[in-house]
Amino acid sequence: MPLRRGDSSSCRQAVREPEPPAANVERAHRRLARATDPSERIWVGRIDPSVDRGAYTVKRTIGDSLRVEADIVADGHTSLAAVTVIRHEREKSWRRLPMTPIGNDRWRSETVLAEKGYHRFAVEAWIDVYGGFARGLEKKRLAGTALSLDLDEGCALIAEARENSQGHVRAALDAILSGLQSLPDNERLRLLLAKETIAAMAVADTRPFLARSFVQNVDVERKQASFASWYELFPRSETSNPTRHGTFRDVMARLPEIAAMGFDVLYFPPIHPIGLTNRKGRNNAPRAQPSDPGSVYAIGSSDGGHDSIHRQLGTLGDFHALIAAARGHGIEIALDFAIQCSPDHPWLSQHPDWFDWRADGSIHFAENPPKTYEDIVNVDFYTPGATPGLWLALRDIVLFWMGHGVRLFRVDNPHTKPLPFWEWLIADIRARDPDVVFLAEAFTRPKMMFRLAKVGFNQSYTYFTWRNTKHELTEYLTELSTTSVREYFRPHFFVNTPDINPVFVQSGARAAFLIRSVLAATLSGLWGLYSGFELCEYEPLPGREEYRDSEKYEIKPRDWNKPGHIKAEIAALNALRRREPALQSHLGVAFYNAFNDQTLYYAKTAPGREDRVIVIVNLDAHAAQECDFELPLWEWNIPDHGSLAVEDLLHGHRFVWTGKIQHVRLEPAAPYRIWRIRPCGETPA
């Protein structure tokens, strides 16, 4: 195009493009090499389960099924074969699990995880030369195509495989080839398509164009890592007199009642010596009276630190007796691992370089502005003297209590400590004993909670405590059970804690305690309560989610037979959880239509089961609610006018529902129903 007068481009002179520099040429050659690399012919992706492409570990419990899926594609019309290769950490060789296509280039394998510890798996895929040949040959046979040349090609494939084989595989291919040489075409066709021939060729397969995924670790744990019912108490309050300190022996007397409610874990806040300096009084008063026992979280005194027992609780021998007695009731003891110290902790004099000192030489107290905890100081992981000494000392505390029979640790505020520390400590401990379980008490931001799970925590406290409405509960459980977090995050649904007196129960309505109990016990495999909840304790500090006369700062005797308690209801829920596999996980939950926003309606289904455990809950603690609700007939391909067999799992009644729409009324005195539904004529597994 001619230039116009005045066009600035007329001033430009044509400049020849320079030759690409050598680096660009080398880069282009590398791209060409990759593009023509035969190993790039097959793509394996979208591995499920995985956590950040194998960077972190998938969690399972013993006896779980590991279903592996992957997308596998290749160019052209080639036929593929795929396996999941898997091995336990102690095994040197990989086991191969055949994968089958399930549609849309998606492949699957499945196996039962029968051994605890770390497993590793990857997905491998390759061109299935003989399998593809056999499938094509069968199609041609059905189409009536002339096959003589194809039969010769099949014989050549077997001969080539025979040359690359040894031992019994070579002998099997020799036998096939000798038969092919003397047979007519119809018999050659039959032998080439025989299952035995295809199986022998699969063993001899050199797996051309092999592609392999990243390696994913799977941590297989004991069942209690995902299914347990926790009961929390302060041992010092196991007394009938507020002036007499409770003991481990007093706790032993309570074990039958705790077991009768169906709890299999008994968890203690810190049991260590309590400091005197800046000891807190009742209700967190800055000054303690001489009789005030102080906060159990102000750990350490002249009597010792984290590897010592508060002398008024008893001796280490008493603790051993408690461990044994609890075991006799089917209960396991869990301890609090709280990495904080009173100003009297021996570490302050023995290891001052593990702490944060202020410019005037005073210790920096623990803070959560505007709150200051003058009776507590924190170790400082980032002082020059903290590594490796502090890390090893904390690890050794866990080992100490493991040596005295403890395998469950609830960790206080783990999100305020370095994540690399937890990753190292948990890996070190569980390499020694895979039965150890760490519960993260991390009421913090979601991504931090999930990160703690990724670095090794087996369980975590959750936002369940603040999820009350139909929308909130549905949204939260859907996130936990259907998104990627389901592979590594195990939610522990505590209905209350010594620090959290939920607003939902602060009216004191008995129904509120029943509602929260049934939601926690049926929505998650892990649930728990802090003692007093079963007595419907609710008195709050005004305007706060805290208990008045907090047990954190005083000895608090209770009347365990106080009128209005819900111990029988809790026992029934825990008994039902033990009987019903569907209630032993937060997975397998589905929410259905109940046409009232004050009712929550959901089903739990166990793997391999056809029946459903369905729960419908009145979320209003103060008034009766009723609604129509839909039966999920479509899940069994039953028409809307069909019927389902129903069993009331709490009362044992059996009956039949006919029609998709049913009706229920839920009074505050009995705010939930739990049924099993299944097609009529089927017997529950």
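A pocket, as I use the word here, is an open set of grid points where a 1.4 Å probe fits, with protein on both sides within 12 Å along at least five of seven lines. I'm working from a predicted model.

I looked up the largest pocket, and its volume comes out at about 1400 Å³. I count 41 residues in the lining, and Asn368, Lys371, Tyr373, Asp412 and Asn413 sit closest to the centre. Then I checked two strands against that lining: E14 (365-368) and E15 (371-377) each supply at least two residues.

**Barrel.** Next I traced the barrel. It is closed by 8 strands with parallel pairing, running E11-E12-E13-E16-E17-E18-E19-E20. From one strand to the next the twist averages 25°. I zoomed in on one pair: E19 (residues 491-494) and E20 (residues 526-530) run parallel and share 3 bridges. In that pair, Phe494 faces Gly528 of E20.

**Cores.** Which residues have the most contacts inside the largest nonpolar core? I found Trp422 and Leu519, in a core of 133 residues. Helix H14 (residues 510-523) gives this core its largest share, 10 residues. A separate core has 23 residues, including Val265, Ala366, Leu439 and Tyr530. I also listed the contacts of Trp422 beyond four places in sequence: Phe337, Ile339, Val411, Pro414, Lys417, Ala427, Leu452, Val455 and Phe457.

**Asp318.** Is Asp318 buried or exposed? I get 16% relative accessibility, so Asp318 counts as buried, the cut-off being under 20%. I placed Asp318 in helix H8 (residues 316-328). Leaving out neighbours within four places in sequence, Asp318 is in contact with Phe248 and Arg249.

**Strand E22.** Last, I went through E22 (residues 599-604) and found 6 of its 6 residues buried. Thr599, Tyr601 and Ala603 point one way, while Leu600, Tyr602 and Lys604 point the other.

I then checked the partners of E22. Strand E21 (residues 589-591) pairs with E22 in the antiparallel sense over 3 bridges, and Phe591 stands opposite Tyr602. Strand E23 (residues 612-618) is also antiparallel to E22, with 6 bridges, and there Ala603 is across from Ile614.

Technical notes: Residues numbered from 1 in each chain as written. Predicted model: local features only at pLDDT ≥ 70, side-chain atom pairs only at ≥ 80, totals over all residues. Heavy atoms only, no water. Pairing = 2+ DSSP bridges. Helix = DSSP H or I, 4+ residues; strand = E, 2+ residues; numbered from the N terminus. Axes fitted to C-alpha atoms, helices over the stretch in contact; angles between N-to-C directions. Buried < 20%, exposed > 50% of the residue type's maximum accessible area, 1.4 Å probe, protein only. Contact = heavy atoms within 4.5 Å. Core = buried A, V, L, I, M, F, W, Y, C linked by side-chain atoms within 4.5 Å. 1 Å grid on protein atoms, 1.4 Å probe; cavity = no way out; pocket = protein on both sides within 12 Å on 5 of 7 lines; lining within 4 Å. Points joined across faces, edges and corners; volume = space filled by probe spheres on them.
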